[in-house]
Amino acid sequence: MSVHQISVFIENKTGKLAETTKYLAEKNINLRALSIADTQDFGILRIICENPANAVQALKDGGYVVAENEVLAVEIKDEPGSLAQILTVLADAGIVVEYTYAFLSVKKAGDAYMIFRVDDNAAAEKALKAAGIRIAEQDSLF
Amino acid sequence: MPNYYQPEIECASREEIRAIQDEKLVKQVKHVYENVKYYRDLMDEKGVKPEDIQSVDDLHKLPFLTKADLRDAYPYGLLACDLKDCVRIQSTSGTTGRRVVAFYTQKDVDLWEDCCARAIVAAGGTNEDVCQVAYGYGLFTGGPGLNGGSHKVGCLTLPMSSGNTERQIQFMRDLHATILCCTPSYAAYIGETIKEMGLTPDDIDLKAGIFGAEPWTEEMRRDIEKSLGIKAYDIYGLTETSGPGVSFECCEQGGMHINEDHFIAEIIDPDTGEVLPEGEKGELVFTSIDKEAFPLLRYRTRDICVLSHKKCSCGRTLVRMSKPMGRSDDMLIIRGVNVFPSQIETVLLKEGYSPNYQIEVDRVNNTDTLDINVELSPEQFSDTVKDVAAKEKALAAAITQMLGIRPAVHLVAPKSITRSEGKAVRVIDKRKLHD
């Protein structure tokens, strides 16, 4: 029960991000969630979108360097302490969190999700479920 | 004050120099033919026998040696004496592929140090001077060469090696160094550091500097002279022929006098190999006529320059060479280190990168910078910054290992490196190295 994430290499230069997002728009790829990690030289644009296989193909055709992997989309309540609860569950289970980012649901107003990139999806899923925390599936996000 | 170390050679008549060269060349060709199979085969192939070489006029009959020959013959193929008679090696930087290892007998070391001593004395050095050697020591010839020359002159020698600039300046002040030997870029850096420390040239006792191992301009000379309050002298050499001291500048600062009792210089057309008439610009070729262990005959330096036999007002009769005006190959000299783009390409392929790269060399505050842009391939990419940054770092470490100097490596998008006429532009050298 995970979500497919696409990462795109982007040089850290003026206009590069605009160029990439424009390309995605031209290919009619709608972004549901994204985050950007950056260093002095380069950035990594991570995106969640509908029909990731098409998006990956379009990006590769456009000459972009792409990486794909599975991440967890965890439902998060709009109240203080909910992120801390999730992170505590993961920490207690010995799960390493590489990065995380948030986005809002378009289906149910008020619902928020956090994307978690962890070292062990299966173990993380098991620990979160045992704590009563819900994990979304790819299709349920669109 | 005459400022000669060996006036009998440095100021000999042209006839005397010519007689010395004729005699030594004939002997040297015989020595090489008998002891170096690699060169004997080259001579046989060309149909040249030692008897065909009776004087310098016959030099053009001999085959050339190039860096490729040195690589083919590595490590012992060009050695002309027993290893038991050798006492030292020196080497160029590259760790594989382009490495040059030169051997020295005690006599070779001795004559090399004489050459360096001539340079120090020409710069005004005497046994009352304190000579700070801030070239790297070790396999690099700069430190050992000038160190030996300094001993010969009888200077108090400070074997500092390069780096740790504040300590350099402390020793320079505490021990009243009067002569500084290092690369011109390091001299400039020392000058800047002195200024940053709130000191002026009046706070140090330096009077002269002997700077070489990389190209530098007259403008840079003036900057260094001003920042250190000295007269700056150029020195030239290469590991293949011994090291620094093949030629050196005198007080006239108008070209470097070649130590012609040890080296015969020719200028050739780099395309045809034909010897060019005096005064024409071309590739410099050296024949070592004194070396016992590693005597290279007609070695192509790839440095482009001009020779002048015009009388020098310093009194020396030794022919002068201009500062090198360029290269006839793709070698770059970065922070005094020889770099071939192909070395970088080798590392990229070995580390699993595409050979699409671009080298950018610049000189910022008189120090060379080396940036390498490498096109990323999907195999190196991942969604975490940590992984990609670690790959970038590992690549920089592998290139550092190969070149001996640290580059800044930047991963760039595929196909983003400028291509002109279908061919990628490999090197962008923004430095102004020649006047």
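## A tour of chain B

Start by selecting B:Tyr104 and showing what surrounds the residue: B:Tyr104 touches B:Cys86, B:Val87, B:Arg88, B:Ile89, B:Gln90, B:Val109, B:Trp112, B:Thr141, B:Thr239, B:Ser242, B:Lys291 and B:Ala293, leaving aside residues up to four places away in sequence. Keep in mind as you click around that this is a predicted model.

Colour strand β2 of chain B, residues 101-105, and you'll find B:Tyr104 sitting in it. Is B:Tyr104 buried or exposed? B:Tyr104 is buried: its relative accessible area is 0%. B:Phe64 and B:Tyr104 are separated by 40 residues in sequence, and their C-alpha atoms lie 21 Å apart.

**Next stop: the sheet**

Switch to a cartoon view and pick out the open sheet in chain B. Nine strands make it up, with mixed pairing, and you can walk across them in the order β4-β3-β5-β6-β7-β8-β9-β14-β13. The edges are β4 (156-159) and β13 (307-308) of chain B, each of which pairs on one side only. Now select helix α8 of chain B, residues 184-196, which packs on the sheet and touches β5 (179-182) and β6 (208-212) of chain B. The direction of α8 makes about 130° with that of β5(B).

Over two bridges, β13(B) pairs antiparallel with strand β14 of chain B, residues 320-321. Which residue of β14(B) is the bridge partner of B:Leu307? Look for B:Met321.

**Then: an enclosed strand**

Select residues 299-305 of chain B, which form strand β12. Six of those seven residues are buried, so the strand is largely enclosed by the rest of the structure. β12(B) pairs with strand β11 (residues 282-288) of chain B in the antiparallel sense over four bridges, and here B:Ile304 stands opposite B:Glu283. Strand β15 of chain B (residues 326-327) also runs antiparallel to β12(B), joined by two bridges; there, B:Asp303 has B:Arg327 as its bridge partner.

Finish at the second largest pocket, which holds about 510 Å³ of space. To get to the middle, select B:Val56, B:Ile264, B:Ala265, B:Glu266 and B:His309, the closest to its centre of the 22 lining residues. Helix and strand both show up here: α2 (14-35) and β10 (263-268) of chain B each supply at least two residues of the lining. Colour the lining by class and you get 11 nonpolar, four polar and seven charged residues.

Technical notes
Residues numbered from 1 in each chain as written. Chains lettered and ligands numbered in written order. Predicted model: local features only at pLDDT ≥ 70, side-chain atom pairs only at ≥ 80, totals over all residues. Heavy atoms only, no water. Pairing = 2+ DSSP bridges. Contact = heavy atoms within 4.5 Å. Axes fitted to C-alpha atoms, helices over the stretch in contact; angles between N-to-C directions. 1 Å grid on protein atoms, 1.4 Å probe; cavity = no way out; pocket = protein on both sides within 12 Å on 5 of 7 lines; lining within 4 Å. Points joined across faces, edges and corners; volume = space filled by probe spheres on them. Nonpolar A, V, L, I, M, F, W, Y, C, P; charged D, E, K, R; others polar. Buried < 20%, exposed > 50% of the residue type's maximum accessible area, 1.4 Å probe, protein only.
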